[in-house]
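User: I would like to learn how to read a model like this one, feature by feature. Please give the general idea each time, then the case at hand.

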Amino acid sequence: MDQPATPLEDIRARIAQAARIAGREAAAVELVAISKTHPAEAIAPLIAQGQHVFGENRVQEAEAKWPALREENPEVRLHLVGQLQSNKAEDALALFDCIHSVDRPSLVTALGKAMDKTGRRVPCFVQVNIGAEEQKGGCAIAEVPALLASAREAQLPIAGLMCVPPLGIEAAPFFALLAKIAGDSGLDQLSMGMSEDFETAVMLGATHVRVGSALFGARG
């Protein structure tokens, strides 16, 4: 009798199925396992199962948790998915391989200076406040072209756009809108979709899905 699938196997199978429905290759979708608030002992089993891309919300938490894990697992890549303070730009570049939350001119300036200083240029996503929610981070939709222009002027390697749609509302229209904005901006990578809606995101073009609770269970 087959053993029950692990959460990681289940998520990967669901990504693959959603990609097939959309006529896409599953390999075109990167699963970012959101490990924020979870300890190293909860992360290590996922690494052992072959998951090598993880996401953290805060620089300080990642600094405390990841150096030892990465020393043991040098293939791991770390993505920053939470808000980044401008004064932490250089610290973030030292630790992360991708930044998903570039959302304002002051952060563009700080990251540009930090990249010039360190010589390390990591891919960045511009975060869009796709639901125009006051309490959320992200660049207003109308300001995306100007922020992208600033980022390119600062020589930030812009990979694509990222969003977190409003809670409790069907996510598909917001994902479709982000895909349209990205296409209009000449960008082809989309960081969108979390535990509740990643399959919808994949069908609408997500290249990076950020899955936490469906992999790790509820956070403590």
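User: Start with accessibility. What is the relative accessible area of leucine 204?

Analyst: Leucine 204 has 31%, so it is partly exposed. This is a predicted model; local features need pLDDT of at least 70, side-chain atom pairs count only at pLDDT 80 or more, and totals for chains, interfaces and linings use all residues. Residues are numbered from 1 along each chain as its sequence is written, and side-chain values use heavy atoms, without hydrogens and water.

User: Where is leucine 204 found?

Analyst: Helices (H or I, at least four residues) and strands (E, at least two) are DSSP runs, numbered from the N terminus. Leucine 204 sits in the loop between helix H8 (198-203) and strand S8 (208-211).

User: Which residues form a nonpolar patch on the surface?

Analyst: A patch takes residues with over 30% relative accessible area and no salt bridge; like charges are joined within 9 Å, nonpolar side chains (Val, Leu, Ile, Met, Phe, Trp, Tyr) within 5 Å. Here Ile21, Met203 and Leu204 make up the patch. Together they have about 260 Å² of accessible area, by the Shrake-Rupley method with a 1.4 Å probe, where for residues only the protein chains shown count as cover.

User: Now the inside. Which residues touch the most other members of the largest nonpolar core?

Analyst: In soluble globular proteins, nonpolar side chains tend to be buried together. A nonpolar core is a set of buried Ala, Val, Leu, Ile, Met, Phe, Trp, Tyr and Cys residues joined through side-chain atoms within 4.5 Å. The largest one has 65 residues, and Phe54, Trp66, Ile99, Leu111, Leu156 and Val209 touch the most other members. Helix H5 (residues 105-118) gives the most to this core: six residues.

User: What does leucine 156 touch?

Analyst: Contact means heavy atoms within 4.5 Å. Leaving out residues up to four places away in sequence, leucine 156 touches Val102, Val108, Leu111, Gly112, Met115, Cys124 and Ala151.

User: Cys124 is on that list. How many disulfides are there?

Analyst: A disulfide needs a pair of cysteine sulfur atoms within 2.5 Å. The count is zero. For cysteine 124, the nearest cysteine sulfur belongs to cysteine 98, 6.9 Å away. Cysteine 124 is buried, at 0% relative accessible area. Cysteine 163 is also in the buried class at 0%. Its sulfur is 13 Å from the closest cysteine sulfur, in cysteine 139, so it is too far for a bond.

User: Next, charges. How many salt bridges does the count come to?

Analyst: The rule asks for a side-chain nitrogen of Lys or Arg within 4 Å of a carboxyl oxygen of Asp or Glu. The count comes to 12. Take glutamate 199 and arginine 14: their closest N and O atoms are 3.0 Å apart. This pair links distant parts of the chain, with glutamate 199 in helix H8 and arginine 14 in helix H1 (residues 7-21), 185 residues apart. Glutamate 199 is partly exposed at 27%, and arginine 14 is partly exposed at 28%.

User: Where do lysine 65 and glutamate 61 lie?

Analyst: Both are in helix H3 (residues 59-72), four residues apart, about one turn of the helix. Lysine 65 counts as buried at 12%, whereas glutamate 61 is partly exposed at 21%.

User: Which residue forms a salt bridge with arginine 70?

Analyst: Aspartate 97, with the closest N and O atoms 2.6 Å apart. Arginine 70 is in helix H3; aspartate 97 is in the loop between helix H4 (89-95) and strand S4 (98-102), 27 residues apart. Aspartate 97 is partly exposed, at 22%. Elsewhere, salt bridges with shared partners join Asp10, Arg14 and Glu199 into one network.

User: On to the backbone. What is the phi of threonine 37?

Analyst: It is near 70°, a positive value in a residue other than glycine. Threonine 37 lies in the loop between strand S1 (30-34) and helix H2 (40-48), and is partly exposed at 41%. Glutamine 155, not a glycine either, has a positive phi of about 65°. Its loop runs between helix H6 (144-153) and strand S6 (158-163). At 53%, glutamine 155 counts as exposed.

User: Last one. Where is the place of histidine 79?

Analyst: In strand S3 (residues 77-80). Histidine 79 is buried, at 4% relative accessibility. Its contacts, beyond four places in sequence, include Phe54, Cys98, His100 and His208.

Key:
Buried < 20%, exposed > 50% of the residue type's maximum accessible area, 1.4 Å probe, protein only.
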